[in-house]
Amino acid sequence: MDVLDAKVITTITGLEIYVDLRETSEIRKICIPTKDDPFYEIQLGIKYFLLRREKYYDSHRSYFSICMNHDLTRIILKEPETESLFAVKSQNERQATKNLLGEWFIKTNAYKEAIKEVIKEVKKENVHTEKDIQDTIETVRFLEKLLKLTSNDIKNASLERSDSLQMTTTS
């Protein structure tokens, strides 16, 4: 029998239980910089169990994004407008969630396997133009950087909502 690695965050709604299983980590989208949006972005989904105070539980999948500037030196955690991993949480709970991402999630097998699978898929894609080749190279470079993130990278990242990030990129 395998021993699973798991973490728990106490919130006002109950206990959020995160487990290091491949099926709990999902990559929803990947973007590379464009004229209109100068950030690399990967949106990740994490499935967790919520054990409510009334003694029942259900599973949820919530999302967040890791964004980086064009030279991969600045990291921003971004909350989506809906299904946010940080939604309906107090400031302390939001900080605990950010710590969970930096100290545990980016080190899990689930996270690493999900990134490696996408790298393989991107490398297999048919590229027909010089731009396709460049986009593939940039995407793989970004994904490989994600595999090397440290706890401090996440701890030092700012946490912003989708709308505030868009406002900062247009100014």
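**A friendly walk through the salt bridges, sheet and core**

1. Searching the whole structure turns up 10 salt bridges, a salt bridge being a side-chain nitrogen of Lys or Arg within 4 Å of a carboxyl oxygen of Asp or Glu. Before looking at some of them, please note that this is a predicted model, in which local features need pLDDT of at least 70, side-chain atom pairs count only at pLDDT 80 or more, and totals for chains, interfaces and linings use all residues. Residues are numbered from 1 along each chain as its sequence is written, and side-chain values use heavy atoms, with hydrogens and water left out.

2. Helices (H or I, at least four residues) and strands (E, at least two) are DSSP runs, numbered from the N terminus. Arg61 counts as partly exposed at 27% relative accessibility, and Glu26 is partly exposed too, with a relative accessible area of 26%. Here buried means under 20% relative accessible area, exposed over 50%, and partly exposed in between (1.4 Å probe, protein chains only).

3. Next, look at Arg28 and Glu83, whose side chains meet in a salt bridge (2.8 Å, N to O). Arg28 belongs to strand β3 and Glu83 to the loop between β6 and α1, so the pair ties together parts that are 55 residues apart in sequence. Arg28 is partly exposed at 39% relative accessibility, and Glu83 is partly exposed with a relative accessible area of 44%.

4. Glu79 also forms a salt bridge, with Arg161, and the closest N and O atoms are 3.8 Å apart. This pair links distant parts of the chain: Glu79 is in strand β6 and Arg161 in strand β7 (residues 158-161), 82 residues apart. Glu79 counts as buried, at 2% relative accessibility, whereas Arg161 is partly exposed, with a relative accessible area of 48%. Lys29, Glu41 and Lys78, for their part, are linked in a network of salt bridges.

5. Now for the sheet, where two strands pair if DSSP finds at least two bridges between them. Strand β4 pairs with β2 (residues 14-19) in the antiparallel sense over five bridges, and Gly14 stands opposite Arg52 in β4. Six bridges join β4 to strand β3 (residues 25-31), again antiparallel; in this pairing, Ile30 stands opposite Ile42 in β4.

6. Strand β4 also pairs with β5, in the antiparallel sense, over 12 bridges. Gly45 stands opposite Tyr63 in β5. The two strands form a hairpin with four residues between them, and Lys55 in the turn has a positive phi of about 75°.

7. Finally, the largest nonpolar core has 36 residues, and those with the most contacts inside it are Phe64, Ile66 and Leu146. Such a core is a set of buried Ala, Val, Leu, Ile, Met, Phe, Trp, Tyr and Cys residues joined through side-chain atoms within 4.5 Å. At least two residues of this core come from each of β4 (40-52), β5 (57-68), β6 (75-79), α1 (91-103), α2 (109-124) and α3 (130-147). Not counting residues up to four places away in sequence, Phe64 touches residues including Ile42, Leu44, Ile46, Leu77, Leu101 and Phe105, where contact means heavy atoms within 4.5 Å.
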